[in-house]
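Hello,

I am handing over the structure below. My notes on it follow.

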Amino acid sequence: MAKNITEKIIAAHLVAGEMTPGAEIQLKIDQTLTQDATGTMAYLELEALCAGMADPETARVKTELSVAYVDHNTLQTGFENADDHRFIRSCAKKRGLIFSRPGNGICHQVHLERFGVPGKTLIGSDSHTPTGGGLGMLAMGAGGLDVAVAMGGGAYCIPMPKVILVRLSGKLSPWVSAKDVILEVLRLLSVKGGVGCVMEYGGEGVKTLSVPERATITNMGTELGATTSIFPSDNTTRAFLEAQGRGGDWIEISADENAQYDDVVNINLSELVPMVALPHMPDNVKKVREIAGLPVNQVCIGSCTNSSLEDLLKVAAILKGKRVHENVSLAISPGSMQVFSMLAENGALADIIAAGARILECACGPCIGMGLSPASGAVSLRTFNRNFEGRSGTADAGVYLVSPETAAVAALTGVVTCPTTFGDPPKIEQPTAFLRNDNLLELPASEEDAAGVEIVYGSNIKPLPVTEALPANIKATAVLKVGDNITTDHIMPAGAKILPYRSNIPFLSQYCFAQCDENFAKNCKALEASFVIGGTNYGQGSSREHAALVPLYLGVKAVIVKSFARIHKANLINAGILPLSFANEGDYDKINQGDVLELPYVRKRLENGEALELLNTRTGEKYPLVTDFTPRQRDILLAGGLLAYTV
């Protein structure tokens, strides 16, 4: 039977389950990655798993490759971040992981350059792990505990996704880039248009896109809510890997001629124009020319979406011999030390500096609010993947998502400018050989020496929240009611003030849902138990499991919504919080914040696979709930979370 790319890789890694859309499948995971904002928790969870093994001192990761990156919390204004990095480094050394030191680059860019392999499976504790799909990997974001289980040799469990073919034809016009492709897909499908699906790219247009361009598209495919996005592995992929000195990693992967798809989206690359996502959602997309003339205060170029050598060489060519507008602050962060070094070596970095740009280190930086927050009320053009309200660190700033070309032109003109009006486009050739310097990568201790390596805990690192087995009944107050498209940034914000405490759940808890209700934490602490009520696509955005662990710490027993984002629902199950959805979406309107709600006989009904219902004690009404848990998920919830279930 003919298979598409997604089906081929899943079939080759299937441990258990049927490849029927929606059914739970278990996959063997070849590679994992973590970053430091989520990694500290992931390694605390890995250590908890190792503690239950026969010889905890010699326990090692069982994947083909696992890498621990430091790229988020690199702004060290106190001891907290440095302590977390030391903890992660010691875990990597003891448990058999490669450690990517601060400054080496953003995990997704470095992994693409040095470690990604076509046809392999990869999960990472970062929602933009699908960047690896640009190489033909089945690469997925996951919660830290799922990554820890995979490192321990366990399978990764997901619903079998549907597969949508995005058929590309034609060729990008001058000044139009890969960023415009994914913004067009978001315009067509919305931030929930990919939920439960893999976006598989095919068609003749694929051949016109470089690996960095493909990676930009798969990276930002996360904003569709997709399980992942993937391109074929072809001669373009082989040329990229050979230039990285990794030609031996290449294999060809393509869909069979008569492969079937659940849906098809057709995009003619030749018809695309420069696009922009307006505040405050990545799918609020218009053509750049529709907002041309808008004054710009800040331009940030970088992030895991657009910080490749190809991107920044184009930016350097646009800036060369010119000067950044006096009203604009331009900041550029290379995606990796490889990119940074090659920019310096060929003179492009000098052109960028001479134009008046501020050069940041090879890290996520402003994308997660880690520095470079805009002025109040400012307009900030960014080549990033998210423009959620307040994510930049400035609550009332307007963040617009654009391509590097559009960003660079606006930095020179001082206003939003369609780059097609700016003259001749930059012409960049792909290098035949990339600079390879791995001196910021540390190899783990040998198996013989690992037992002598001490795990170093800092004083800011607190124990994991305690979970309990599911009780017979749950009666709790609806402590918060929120609307549609609530992101994990709403639940557990990022930013320079909060990120250093990602390993300190008690301290972090005071910021939970602060953007929605500044009294949320206080209200939770005043209650023995609580529920959160939400709308559609609840929990979209980052894979951060803190958005589940912190509510767990605050006593949230269930989250009851119209629909969930995939990773967040999995994280809630892993934390032992019931993720429930209304069978009738209209019942959402019948609940008020402050209502006392009850899940009667919840344990018995879950054990028996029976439907659950929610009783509103204020009105006496009962609302049927969707309980589409697999037997494995039911057992995890009954045990009180994945850690209790596993150990």
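Which residues point one way from strand 15 (residues 298-301), and which the other way? Gln-298 and Cys-300 lie on one side, Val-299 and Ile-301 on the other, and all are buried (under 20% relative accessible area, with exposed over 50% and partly exposed in between, for a 1.4 Å probe and protein chains only). In a regular strand, side chains alternate between the two sheet faces.

Before the rest, some notes on the source. This is a predicted model, in which local features need pLDDT of at least 70 and side-chain atom pairs count only at pLDDT 80 or more, while totals for chains, interfaces and linings use all residues. Residues are numbered from 1 along each chain as its sequence is written, and side-chain values use heavy atoms, leaving out hydrogens and water. Strands (E, at least two residues) and helices (H or I, at least four) are DSSP runs numbered from the N terminus.

Strand 15 pairs (at least two DSSP bridges between the strands) with strand 16 (residues 329-332) in the parallel sense, over 4 bridges. Ile-301 stands opposite Ile-332 there. With helix 9 (residues 309-319), strands 15 and 16 form a right-handed β-α-β unit (clockwise from the first strand over the helix to the second, with the strands pointing away from the viewer). Strand 15 also pairs with strand 18 (residues 379-382), parallel over 3 bridges, and Cys-300 faces Arg-382.

Elsewhere, 7 strands close into a barrel of mixed pairing, in the order 21-22-23-24-27-26-25. Within that order, strand 26 (residues 613-616) and strand 27 (residues 622-626) run antiparallel, joined by 3 bridges. Glu-613 is opposite Pro-624 in strand 27.

Regards
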